[in-house]
Amino acid sequence: MMATRRGGADILEAALRVREAARSATSGAGGVDAVLAALSEVVEYDHASLTRWDPLRRRHTTLAGSYPDDATAYIETRLHRDPVFPVLRRPARGALWLGDVPGRLLAASPGFREVLCPLGIEDGVAQCLFAADGRYVGMLNVSTRGPRRAPDPARAVVTLLTEALAAAVTAHAGPPPEALATPGPAANAPRPGGLSPRELQVLAELTAGRTNRQIAERLHITPRTVGTHIEHILAKLDLPNRAAAAARAAAWGIGPSR
């Protein structure tokens with residue numbers, strides 16, 4: 001993509017459009033594709049993606065993106081094991097631009113050698129996204145074949161957009177089980193599958209592969225009661241066994257509380 005010189009005011013105005021697109025995606029009124037389209041006015045790119053982190057399957061899922069298939073596969077299934085990822089994953093780290101990564105770290109990165117280099121990528125940014133409660137929820141990846149100019153006002157703007165991007169990604173991951181199962185106003189909201197708050201708690205525990213006795217100890221109920229809840233969960237969701245229930249919970253983004 002050919003670079004266009006724009007001032008800080010232009011980029012800030014474009015950032016407002018990204019936030020608006022992210023709000024629409026969060027509310028369900030728009031798609032994540034529109035967020036990336038708006039982001040191209042802030043950071044001109046050749047390839048970009050927004051991914052959601054699946055903690056049970058331990059992989060990323062692409063919500064919107066323009067990378068080739070092999071690059072998308074790397075981001076989804078191997079990026080979290082790349083030597084660069086622990087640096088990205090630090091909540092206080094902020095966005096990491098390719099030009100700022102130490103050479104020794106790039107040399108050890110399969111993602112750089114096997115994915116970015118063959119695409120002719122010279123610059124770009126990776127930004128880990130965190131929910132308000134500190135959970136890692138996904139990632140923004142942006143790549144360009146041309147080096148970016150310095151100083152670059154887009155650097156600060158990308159970091160400022162993190163909260164809006166995280167909210168858009170989280171909306172596609174489903175609400176955390178604590179929010180679904182906590183008494184109060186939230187308890188009156190529609191719940192997945194028509195499950196009760198306690199059934200949602202039990203369902204969340206199933207994703208960790210815990211036995212009825214282990215679940216009972218964590219939730220301070222009897223193993224017999226856990227068994228009854230599981231029977232009700234399987235009946236309500238029309239599922240054959242607890243493994244299928246755990247898979248359904250993972251698809252909804254539900255996991256056990258800490």
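Author: Welcome! In this predicted model, strands β1 and β2 (residues 59-65) run antiparallel and are joined by six bridges.

Reader: What makes β1 and β2 count as paired strands?

Author: Pairing asks for at least two bridges between two strands, and β1 and β2 have six, so they count as paired. One example is Thr51, whose bridge partner in β2 is Thr62.

Reader: What do β1 and β2 form, and how many residues lie between them?

Author: They form a hairpin, with four residues between the two strands. In the turn, Arg58 has a positive phi of about 50 degrees.

Reader: Which other strand is joined to β1 by bridges?

Author: That is β5 (residues 136-144), which runs antiparallel to β1 and is joined to it by six bridges. Here Ser49 has Asn141 as its bridge partner.

Reader: Which residues of α1 are buried, and why are they said to line one face?

Author: The buried ones are Ile11, Ala14, Ala15, Val18, Ala21, Ala22 and Ala25. Viewed down the helix axis, they fall within an arc of 120 degrees, so they line one face of α1. An α-helix has 3.6 residues a turn, so residues three or four places apart point the same way. The buried residues of α1 pack against α2 (32-39), α7 (154-160) and α8 (162-171), while Ala9, Leu16 and Ser27 are exposed on the other side.

Reader: Why is His220 called exposed?

Author: Exposed means over 50% relative accessible area; His220 has 72%, so it qualifies. His220 sits in the loop between α11 (212-219) and α12 (223-237), and its phi is positive, near 60 degrees, although it is not glycine.

Reader: And what makes Asp238 exposed?

Author: Its relative accessible area is 69%, which is over 50%, so Asp238 is exposed too. Asp238 lies in the loop between α12 and α13 (242-252).

Key
Residues are numbered from 1 along each chain as its sequence is written. This is a predicted model: local features need pLDDT of at least 70, side-chain atom pairs count only at pLDDT 80 or more; totals for chains, interfaces and linings use all residues. Side-chain values use heavy atoms; hydrogens and water are left out. Buried means under 20% relative accessible area, exposed over 50%, partly exposed in between (1.4 Å probe, protein chains only). The arc is that of the directions from the helix axis to the C-beta atoms. Contact means heavy atoms within 4.5 Å.
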